[in-house]
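The entries follow the order in which I looked things up.

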Amino acid sequence: MADAIVRIKRGREKPIRNRHPWIYSGAITHAENAVDGELVNVVDHKNRFLARGYWNSRSQIQVRIMSWEDEPIDDALWRKKFKRALSLRSELNASGARSACRLVNAENDFLPGLIIDRYANWFVLQALTKFIDKQKEAILSALVDVTGAVNIYERSDVPARQKEGLDSTVGLLRGGPLPDLVEIQENSKYLVDIAAGHKTGFYLDQRDNRRRLARLVKHHLAQEAGRAKLLNLFSYTGGFALAAGHYDALHSVNVDASRQALEIAERNFLHNGYEPATHGETAEFILADGFDYLRHCAEMKDSFDFVVLDPPRFASSKRQVERAARGYKDLNLNAFKLIKEGGYLMTFSCSGGVNRNLFRKIVFGALTDSGREAQVVKPLSAAADHPVSLSFPEGEYLKGLLLRVY
Ligand code: SAH
């Protein structure tokens, strides 16, 4: 049982009682016996128990809460939490998660600092905090127990670890050897580079949105002249364009600043049966800056039936929001100009500092400047294997809009 104590300032306990999992230094009166990466009991100003969490003095978020009960954080608790997370995903599997999904979504699965993704028979663990680092053996044993995992790889190489005073840790944890690329089945087949790809290898969060695009493209091709053009900007390994398929009728332009991502994108197309010589329409893979490429399209008077804008994170903190807003405005403004009458824009932001309302306002500003008209057909978010804890609004990082443009 933890005997380290963190006392909360009078009047600052409400978010904790409301089960927000983060405690910032400003809410803390003092800490006793607290060791970085170890458990602490969180108490109110009258020493009443509030929660049990883990401590890191180096982080702005000094405590992350593991439980609001006075219960041990032990093997049984890890197993209980993993079983919960797994049971949600097993229900989702029926709706298309197939062989790859996020099994543990950190705070949103009540496991702060821990991400576990599954790609076919590979499990990838990402530890974001010191406590999770220290608990790795307990986590692995519970994970193996609950899921039967044989092959486990670690991708603890995110910048957020620096805030915890941690270096990157990457490598095989169990089983192996890790193949260069692991094949998953989602909306199409995708090859995933677990060792060196972005995040833990793939943007699993966009699964449902890729499927939505696929449906729209299919419908459009059936209705219209039977051909269409897609600009897949910030394409990574081709996710959206591959999901849309229809290589005979859909000309896709995949643009990314990462050569490795585009190489895999091209392999993905071939792997899914695309044949450059025989398919009527082409798939292009263009190494370019997304902002520049949009301007280039405008100069060339290019136009598209579908544009997907899925840029990287522009702002992780409040301070960067203004710059991020300018970036989104620029991208969306130039994208609106390229869309054919009645075409669609799928536009996203994964910046934590930009909430759904603000994003919508920015896109509205871009629309106004473009002189076009648009309807929101559907607000978009991350797939259901990325649940958001209702007491943790920060968990909703991915927001998007499906717009029809006139
Ligand atoms: N839509 C993708 C995920 C995109 S993630 C999918 O469904 O898988 C964002 C991508 O933007 C990354 O692949 C990254 O390499 C790329 N990127 C980052 N900065 C860029 C820039 N300035 N121009 C073009 N691409 C960029």
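Before checking any helix length, I noted that the expected span of a helix is 1.5 Å times one less than its number of residues. I also noted that this is a predicted model.

**Entry: helix 5**

I took helix 5 and counted 17 residues. From its first C-alpha to its last it reaches 25 Å, close to the 24 Å expected at 1.5 Å a residue. I then listed its buried residues, which are Arg207, Asn209, Arg210, Leu213, Ala214, Leu216, Val217, His220 and Leu221.

**Entry: helix 7**

I ran the length check on helix 7, residues 259-271. Its 13 residues should span 18 Å at 1.5 Å a residue, and the end C-alpha atoms are 18 Å apart, so the two values agree.

Which residues of helix 7 are buried? I found Ala261, Leu262, Ile264, Ala265, Asn268 and Phe269. Looking down the axis of helix 7, I saw these buried residues fall within an arc of 160°, so they line one face of the helix. The face turned away from the buried side carries the exposed residues Arg259, Gln260 and Arg267.

What do the buried residues of helix 7 pack against? I wrote down strand 13 (189-192), helix 6 (239-244), strand 15 (250-256) and strand 16 (283-287). Just after helix 7, I noted that glycine 273 takes a positive phi of about 95°.

**Entry: helix 9 and its partners**

I checked helix 9 for length: its 18 residues reach 26 Å from first C-alpha to last, close to the 26 Å expected at 1.5 Å a residue. Its buried residues include Val321, Ala324, Ala325, Gly327, Tyr328 and Leu331. Asn332, Leu333, Asn334, Ala335, Phe336 and Leu338 are also among the buried residues of helix 9.

For the packing I needed two values, as two packed helices are described by the angle between their axes and the distance between the axes.

I looked at helix 10 (residues 356-370) against helix 9 (residues 321-338): the axes come within 8 Å and cross at roughly 45°. That angle makes helix 9 oblique to helix 10. The crossing of helix 9 past helix 10 is right-handed. On the helix 9 side, the contact is made by Val321, Ala325, Tyr328, Lys329, Asn332, Leu333, Phe336 and Lys337. On the helix 10 side I noted Leu358, Phe359, Ile362, Val363, Gly365, Ala366, Leu367, Asp369 and Ser370.

I then turned to helix 8 (residues 290-299), whose axis comes within 9 Å of that of helix 9, with a crossing at roughly 30°. Angles under 35 degrees count as roughly parallel, so helix 8 is roughly parallel to helix 9. I recorded this crossing as left-handed. Helix 8 brings Gly290, Phe291, Leu294, Arg295, Cys297 and Ala298 to the meeting, and helix 9 brings Gly327, Asp330, Leu331, Asn334, Ala335 and Leu338.

**Entry: alanine 335**

I followed up alanine 335, which lies in helix 9. Is alanine 335 buried or exposed? Its relative accessibility is 0%, so it counts as buried. Leaving aside neighbours within four places in sequence, I found alanine 335 in contact with Leu294, Val307, Leu309 and Leu345. I also took the C-alpha separation to alanine 315: 20 Å in space for 20 residues in sequence.

Most residues other than glycine have a negative phi, and most peptide bonds are trans. I went looking for exceptions.

The peptide bond from glycine 176 to proline 177 is cis, with omega near -5°. I placed proline 177 in the loop between strand 11 (169-174) and strand 12 (182-185).

Lysine 199 has a positive phi, near 50°. I located lysine 199 in the loop between strand 13 and helix 5 (207-223). At 29% relative accessibility, lysine 199 counts as partly exposed.

Tyrosine 236 has a positive phi near 50°. I found tyrosine 236 in the loop between strand 14 (228-233) and helix 6. With 8% relative accessibility, tyrosine 236 counts as buried.

**Entry: lysine 46**

I ended with lysine 46, in the loop between strand 4 (39-43) and strand 5 (49-55). Lysine 46 is exposed, at a relative accessible area of 56%. I took the C-alpha separation from lysine 46 to tryptophan 122, 76 residues apart along the chain, and got 48 Å.

Notes
Residues numbered from 1 in each chain as written. Predicted model: local features only at pLDDT ≥ 70, side-chain atom pairs only at ≥ 80, totals over all residues. Heavy atoms only, no water. Helix = DSSP H or I, 4+ residues; strand = E, 2+ residues; numbered from the N terminus. Buried < 20%, exposed > 50% of the residue type's maximum accessible area, 1.4 Å probe, protein only. Arc of directions from axis to C-beta. Contact = heavy atoms within 4.5 Å. Axes fitted to C-alpha atoms, helices over the stretch in contact; angles between N-to-C directions. Parallel < 35°, antiparallel > 145°, perpendicular 65-115°, else oblique. Left-handed = near helix turned anticlockwise from the far one by under 90°.
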